[in-house]
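Subject: Structure handover

Hi,

Here is the structure we talked about. Please open it alongside this note, and then read on for what turned up.

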Amino acid sequence: MKIVTWNVNSIKARLGHVVDFLKDSQPDVLLLQETKCPEADFPRLEVESAGWRAAVVGQKSYNGVAILAREKIEVTADRLPGDDGDAQSRYLEARIGGVRVASVYLPNGNPIGTEKFAYKLAWLARLERHARDLLASEEPVVLGGDYNVIPAEDDVYDPQDWVNDALWQLDSRRAFRRILWAGYTDAFRALDPRPHQYSFWDYQAGRWMRNEGIRIDHLLLSPAAADRLGASGIDRGPRGRERASDHTPVWCRLD
DNA sequence: ATGGTAGCCTTGCTA
């Protein structure tokens, strides 16, 4: 089972890229973030015409996540538990072919020292709590998405550029590591020790052309899923296209 | 060098 996560930065702006990617890459599951549209506006027909089913949560202009899959999608959660007052569309979870998968879009959290950063840390704590609860199930679990956290120095072109950024704060990295210590495996890093393998390059300052990126899109695997991890990688192809998302797909294969 | 770009369907916000 090939599972891919991709922050597309608007599904409407990126629909051609997404359909091309489905046909070229043939994922069994594609986890999308930042679809930036309400459920009713999601281009469901185009996705289904290509041969994938879709489960979607969304809101106007911001956030929004989706799960595309070849097989039947049984939605198990359309929001992250732990805060009924949280109205942002950032979490969707489903059972597909005996695997529990989630599409996760963490808050960016900038600027630091504001309520936005507090919301990010609270969201990470809620995700850790729920990730621990999911371990109690018999199923393999794959939590994939844009975590908006740079895990380590090897995952950024220059940490000095990010010292005042929410993605590189010690509190952000510690909260991310707590999920790993709960028993989850970073599918990319588990199989590829090379430094400076990125999943995001800012649109500004020629970051893509200079390969100055960060690795913030992650697939976190429960032990039962990690036992089946056969391959993983980052597909830089979509980032190099015209009118690309600023993120590129990250994938893993469960045998 | 406190800039730069992209998507939202705004005239600024979010990233």
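**The surface by the DNA**

The residues of the surface near DNA strand B divide into five nonpolar, five polar and five charged. In all, 15 residues surround DNA strand B. The closest are Ser10, Ser61, Asn108, Tyr203 and Gln204. Keep in mind that this is a predicted model.

**Overall build**

Chain A has six helices and 12 strands. Its C-alpha atoms fill a box of roughly 45 × 45 × 40 Å, taken along the principal axes. How does the radius of gyration of chain A stand against that of a compact globule? For 255 residues, a compact globule would come near 18 Å. Chain A has 17 Å, which agrees.

**First sheet on my list**

One open sheet has six strands in the order β3-β4-β2-β1-β12-β11. Its pairing is mixed. Which strands stand at the edges? They are β3 (53-57) and β11 (229-234). Each has a single partner strand, so one side of each is left without a neighbour in the sheet. From one strand to the next, the twist averages 15°.

Strand β11 pairs with β12 (residues 250-254) in the antiparallel sense, over five bridges. To find the spot on screen, go to Gly233, which stands opposite Trp251 in β12. As a general point, strands of a sheet pair through backbone hydrogen bonds, either parallel or antiparallel.

**The other sheet**

Another open sheet of six strands runs in the order β5-β6-β7-β8-β10-β9. Here too the pairing is mixed. The edge strands are β5 (74-77) and β9 (185-186), and each pairs on one side only. Strand β5 runs antiparallel to β6 (residues 91-96), and three bridges join them. Glu74 stands opposite Arg95 in β6.

**A helix pair**

Next, helices α3 (residues 115-135) and α4 (residues 170-181). Their axes come within 9 Å and cross at roughly 5°. That angle makes α3 roughly parallel to α4, because angles under 35 degrees count as roughly parallel.

Which residues meet? From α3 come Lys120, Leu121, Leu124, Ala125, Leu127, Glu128 and Ala131. From α4 come Asp171, Ser172, Ala175, Phe176, Arg178 and Ile179. The residues of this contact divide into eight nonpolar, one polar and four charged. Among the α3 residues in the contact, Lys120 and Glu128 are charged. On the α4 side, Asp171 and Arg178 are charged.

**Two backbone details**

Where is the cis peptide bond? It runs from Asn110 to Pro111, with omega near -5°. Pro111 is found in the loop between β7 (99-105) and α3.

The other detail is Gln26. This residue has a positive phi of about 50°, although it is not a glycine. Gln26 is found in the loop between α1 (11-25) and β2 (29-33).

**Where to start**

I would open the view at DNA strand B, with Ser10, Ser61, Asn108, Tyr203 and Gln204 among the residues around it. Then go to the α3 and α4 pair, and finish with the Asn110 to Pro111 bond.

Best wishes

Note on methods. Residues are numbered from 1 along each chain as its sequence is written. Chains are lettered from A and ligands numbered from 1 in the order in which they are written. This is a predicted model: local features need pLDDT of at least 70, side-chain atom pairs count only at pLDDT 80 or more; totals for chains, interfaces and linings use all residues. Axes are lines fitted to C-alpha atoms, for helices over the stretch in contact, and angles run from 0 to 180 degrees between N-to-C directions. Helices (H or I, at least four residues) and strands (E, at least two) are DSSP runs, numbered from the N terminus. Angles under 35 degrees count as roughly parallel, over 145 as roughly antiparallel, 65 to 115 as roughly perpendicular and the rest as oblique. Two residues are in contact if their C-beta atoms, placed from the backbone, lie within 7 Å. Two strands pair if DSSP finds at least two bridges between them. A residue is near a molecule or strand if its C-beta atom, placed from the backbone, lies within 6 Å of it. The radius of gyration is taken over C-alpha atoms; the globule rule is 2.2 Å times the number of residues to the power 0.38.
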